[in-house]
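Notebook open. I looked up the chains one at a time, then what joins them.

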Amino acid sequence: MSLETRSTTFPQQVRVARADANLQQALGKLKFGLTAMRGAAVAKLPEFEQLRHDAAAIRDHTLNHLDHYLLRFEAAAKARGGHVHFAPDAAAANAIVLEICRSVDARKVTKGKSMVTEEIELNAHLEAHGITCLETDLGEYIVQLRKERPSHIVAPAIHVLKEQVAETFAAHHGPALAGGRSEPAALMAEARAVIRRHFLEADVGITGANFAIAETGSTVIVTNEGNGDLTQSLPKVHIAVTGIEKIVPTLEDASTLIRLLSRSATGQEASVYNTFSSGPRRPEDPDGPEAFHVILVDNGRSSMLGSVFQDMLRCIRCGACMNHCPVYGQVGGQAYGSVYPGPMGAVLTPSLAGIEVAGHLPNASTFCGACEAVCPVRIPLPKLMRHWREREFEAGLAPSASRFGLALWGFAARRPWLYRLLSRAAATLLARLGGRRGYLARLPLGRGWTAWRDLPAPAGVTFQAAYRRRRGGDADAGKG
Amino acid sequence: MSRRRVGLLVTCLVDFFRPEVGFASIRLLEAAGCEVVVPEIQTCCGQPAWNSGDRDSSQVLALAIIDAFAGLDAVVAPSGSCIGMLRQYPAVLGDSHPRHADAVGLAGRCHELTSFLVDELGYRGGGKVQPGDGPVTYHDACAGLRELGIRDQPRTLLAAAGVSIREMDGATVCCGFGGTFCIKYPEISGAMVDDKVASIERSGATTVVAGDLGCLLNIEGRLARLGKPVRVRHIVELLGAERLGADLNVLEASAEQRP
């Protein structure tokens, strides 16, 4: 359990997020951006549902035979001259990367976007050992300059407005280029000019991998900016760091998943770059790294195999669940206090970091089901969040107020006579308190409700009481 | 087809807050040719316990509902959320539970009210809406929509009753109720219901209708707090409205009889 989180203080982070006008403005664009684009892309692909079905089956099959496919991947990658490392946890993964960097006396590392390296906090580890890390994905670069964490697994800086990007660049880059800093294209051009220098200076390039193909020993990155390609092809060494669950059996399987990934993530029929890396540069290749390393990180994943949470390992990190999540839409990714926010994070974070520190995340859901409805690999996210609530309840970790309330309610609900007695008394009382207006603005023990809402007062008599009276007190009336 | 004996799962929220929804449900089912039975020993479907991770309590309440509704042709509730819960009873009990088969049986014959009327009975109604309801917009409650696939059925019934719907943007977006969620995370829930209120207002409707009382209490409570004059109705209150006056008299009479 080595995923660091700030999830225990989720409610405080929610208040900060709700009070942040810039964040709220940025989040307001989500539903007209990624969500609408996904909808349009899905509408144009009649076989989308069939693809989801096929993709879930591919992922299930692979996970059920993960040991087999991991070894096949290792053999195929080695046959092409690559090196494969298995890292049981974050510390091991970081140590392997550092050792590779030291073996080539690396001073500077460029990085393509990788959530696993965020998870293991690789940058901090390398920086602590004197190696400079530069994020080259535009969103990651912005977040790195701002000393923040990504707020979204696909769009790391989705919480930042372009005006804030301009401020950040002014603070770090000095005077603007000729294009100024008011338009996104100008900001991108500025970032490109700065980052390009670093590509040429880097000793090692580190990327993630959207997929690792067992058949060919290849890793795949699906990107839009081209930074990933420069990251992995210009330096002497390319290290791909990814989770053990990213294995797929064949090229054909990878292409099925890629068709879903691009549409689900950004509404693109295909992302701009789908880059397959198979070993280091061969003599006839015009470019490429001299060495190719793949680090397959476990860090808690294997403990999910064979458990009720195994379905979560199907995840291909498209971000559609968070794009469609009304909770994420109100608070953004950083409130979750975890590298993985939103619905997928609400299931994955407790798996990797422990339910005792991440208990809020699976609880902060209405179970509206929007996430499951769009998940390209059909992960039953609400069901898995509910499983975490069950684990939390069993371990006695649920807040005592809610346990007490639930116990009281459960005691009555199991005893129909008592339940009727109490509900009739409460209905009478609340109806009186509601007065002529018919609403209660305050409730003892009900601040959670009345902080935002009035409580519509009950009619004053329960249905059961009115129904039995209408039936003339016939005790057998309606008995099944 | 012989007359179906249908058990009404009143739901704890209807029982407590809006008994007229229960009476309107009975009228609709009777108008559609059903014999309606209301088991007295029902309390709650157990969803608050289930979604809070309390499996033991969920099992006790599931077994009570299974027993209360044994022997009926169908179980119907004016709520997609509660029926969604009944459909989970096999998972609540687990495969190895001795009553698992009973849970599967119940899950297979329980229905949300509007889908039961339209899909199972072919009923279209034709009741008249009370005058003064004005333009109506429909909120798709999450469990009904995404767990049970209910989207067209309520609109079919409203259209047959002469109601024209002004669809709101984001009709399928959660209102932020979420059971205990709305109490545990009031800031998030409050922001979500504010978005819903804004969607309702943009639609120009003066009445918002849904098929689940949890959402409706949440939306109504926020509208009341903001002083918005939008009316909030459960769909059966519109569809079964012609005899509402008579039942309200019963309610008032019952209230007066209380000591």
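What share of the contacts in chain A with a separation of 6 or more comes from residues 24 or more positions apart? I got 74%. A contact here means two residues whose C-beta atoms, placed from the backbone, lie within 7 Å.

**Ground rules.** I am working on a predicted model, in which local features need pLDDT of at least 70, side-chain atom pairs count only at pLDDT 80 or more, and totals for chains, interfaces and linings use all residues. Residues are numbered from 1 along each chain as its sequence is written, while chains are lettered from A and ligands numbered from 1 in the order in which they are written.

**Chain A, overall.** I took the box along the principal axes: the C-alpha atoms of chain A fill roughly 95 × 55 × 45 Å. Chain A has 480 residues, and 50% of them count as buried. Buried means that 20 or more other C-beta atoms lie within 10 Å of the residue's own; exposed means 12 or fewer, partly exposed is in between, and C-beta atoms are placed from the backbone. I found 24 helices and 12 strands in chain A. These are DSSP runs numbered from the N terminus, with helices (H or I) of at least four residues and strands (E) of at least two.

I then checked the domains of chain A. The assignment gives domain 1 (47-299), domain 2 (304-394) and domain 3 (415-470). Such bounds come from an automatic or database domain assignment. Between the C-alpha centres of domain 1 and domain 3 of chain A I read 56 Å.

**Chain A, the sheet.** In which order do the 6 strands of the open sheet in chain A run? The order is 1-10-7-4-2-3, with parallel pairing. Two strands pair if DSSP finds at least two bridges between them. Strand 1 and strand 3 (132-135) of chain A are the edges; each has a single partner strand, so one side of each has no neighbour in the sheet. From one strand to the next, the twist averages 20 degrees. For such angles, axes are lines fitted to C-alpha atoms (for helices over the stretch in contact), and angles run from 0 to 180 degrees between N-to-C directions.

I followed strand 10 (residues 291-297) of chain A next. Of its 7 residues, 6 are buried, so the strand is largely enclosed by the rest of the structure. It pairs with strand 1 (residues 83-87) of chain A over 5 bridges, in the parallel sense. Strand 7 (residues 237-243) of chain A pairs with strand 10 in the parallel sense over 7 bridges. A:Leu296 stands opposite A:Phe86, and A:Leu296 is also the bridge partner of A:Thr242. Strand 4 (residues 204-207) of chain A pairs with strand 7 over 4 bridges, again parallel. There A:Thr207 stands opposite A:Ala240.

**Chain B.** Its assignment gives domain 1 (5-120) and domain 2 (136-243). Their C-alpha centres lie 22 Å apart. I counted 28 residues of domain 1 in contact with 24 residues of domain 2 of chain B. The domain 1 side has 12 nonpolar, 11 polar and 5 charged residues. By class, Ala, Val, Leu, Ile, Met, Phe, Trp, Tyr, Cys and Pro are nonpolar, Asp, Glu, Lys and Arg charged, and the others, Gly among them, polar.

Chain B has an open sheet of 3 strands in the order 5-6-7, with parallel pairing. Strand 5 (136-138) and strand 7 (231-234) of chain B are at the edges with a single partner strand each, so one side of each is left without a neighbour in the sheet. Strand 6 (residues 207-210) of chain B runs parallel to strand 7 and is joined to it by 4 bridges. B:Thr207 sits opposite B:Arg231 in that strand 7.

**Between the chains.** How many residues does each chain bring to the contact? Chain B brings 66 and chain A 57. On the chain B side, helix 12 (residues 186-203) gives the largest share, 8 residues. That side divides into 36 nonpolar, 16 polar and 14 charged residues.

**Core.** The largest nonpolar core has 213 residues, and A:Val347 and B:Leu86 touch the most other members. Such a core is a set of buried Ala, Val, Leu, Ile, Met, Phe, Trp, Tyr and Cys residues joined through C-beta atoms within 7 Å. Helix 13 (residues 213-226) of chain B supplies the largest share of this core, 7 residues. Beyond neighbours within four places in sequence, the contacts of A:Val347 include A:Phe309, A:Leu381 and A:Trp388.
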